[in-house]
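My notes are below the display.

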Amino acid sequence: MPRAIDHLVLCVNDLDAAIAAYVELGFTVTPRAIHPFGTGNALIQLDGMYIELLSVIEPAKIAETDLASPFSFAVYNRDYLRHREGMSMLALQSHDAEKDREDFMAAGAAVPRVFHFERDAKTPQGDEVGVAFSLAFANHPLLRNAVSFVCQHRHPPQNFYFPEYQSHQNTACAIGKVFLSHWAADAVREFYQGIDVDEVIEALHGDELIDRYGIDDPNFPTDGFAGFELIVDDMSKIVDAAKSLGAIYKKDQLILPPSKFFGVMVVITAK
């Protein structure tokens, strides 16, 4: 069965600025949270999936990798931000991260051990609750700047998803496709087929991406995630804010170029 999107990791240098821009675009954004390993985030919750705005908050807490721990979520995203802002990771839904790790290895991915962590979160009423996650990463040598992983939620659902956080002025309801711009698009498509995510990832060469969406932007990566499709119920509720942030109309879609929106192309489509 194809894997479904759990969330997108969008790396930004200034978390407060990113939060303000997403609020301006009509999103409800959760309060900031701090990870125990030096990064911090704020979330945009949709229907069973979410967008994670991520930044380095406490660099001194980021432990470097070694032979015992060859891959680190915090190190990877810190290093990603050293050369660009943008979508650094795609997280997929999981009910058993350990089993998913075995599947990734069978598909030929370089897979570190499952990473478990916990942090505090705030409810809309301001109460603190605990949330916990298990992550299994599927690394590939061609995708050093576009890592995929599964995210198993190990907390009660009521500790994470709240109707108050899922209600957005812009009527956003879901993430559609994820776009990847890569010089070896054909090869990475085969990899995504092997780990059952090819239905949610549109992997294109850079010129194909430009031709399809009509955005020739120097901020498009040549080896990573270019952005995502945002599904809204009512386009009229987001059009003014999107245009004020630099979006243009293309084929009944609103497109925010990466140079205007923290290195990420956002293709806004009506449901």
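The entries cover cysteines, then strands, then helices.

I worked on a predicted model, in which local features need pLDDT of at least 70 and side-chain atom pairs count only at pLDDT 80 or more, while totals for chains, interfaces and linings use all residues. Residues are numbered from 1 along each chain as its sequence is written, and side-chain values use heavy atoms, with hydrogens and water left out.

Cysteines. I looked for disulfides, meaning a pair of cysteine sulfur atoms within 2.5 Å, and the count is zero. For Cys151 the closest cysteine sulfur is that of Cys11, 15 Å away, which is too far for a bond. I also checked burial (buried is under 20% relative accessible area, exposed over 50%, partly exposed in between; 1.4 Å probe, protein chains only). Cys151 is buried at 1%, and Cys173 is buried at 15%.

Sheet. I took strands as DSSP E runs of at least two residues and helices as H or I runs of at least four, numbered from the N terminus; two strands pair if DSSP finds at least two bridges between them. I found an open sheet of six strands with mixed pairing, in the order E10-E9-E11-E14-E13-E12. E10 (201-204) and E12 (248-250) are the edge strands; each has a single partner, so one side of each lacks a neighbour in the sheet. E11 (223-232) and E14 (265-270) run parallel over six bridges, and Glu229 has Val267 in E14 as its bridge partner.

Helices. I noted contacts (heavy atoms within 4.5 Å). Helix H4 (185-194) packs on the sheet and touches E9 (172-182), E10 and E11.

Technical notes: Axes fitted to C-alpha atoms, helices over the stretch in contact; angles between N-to-C directions.
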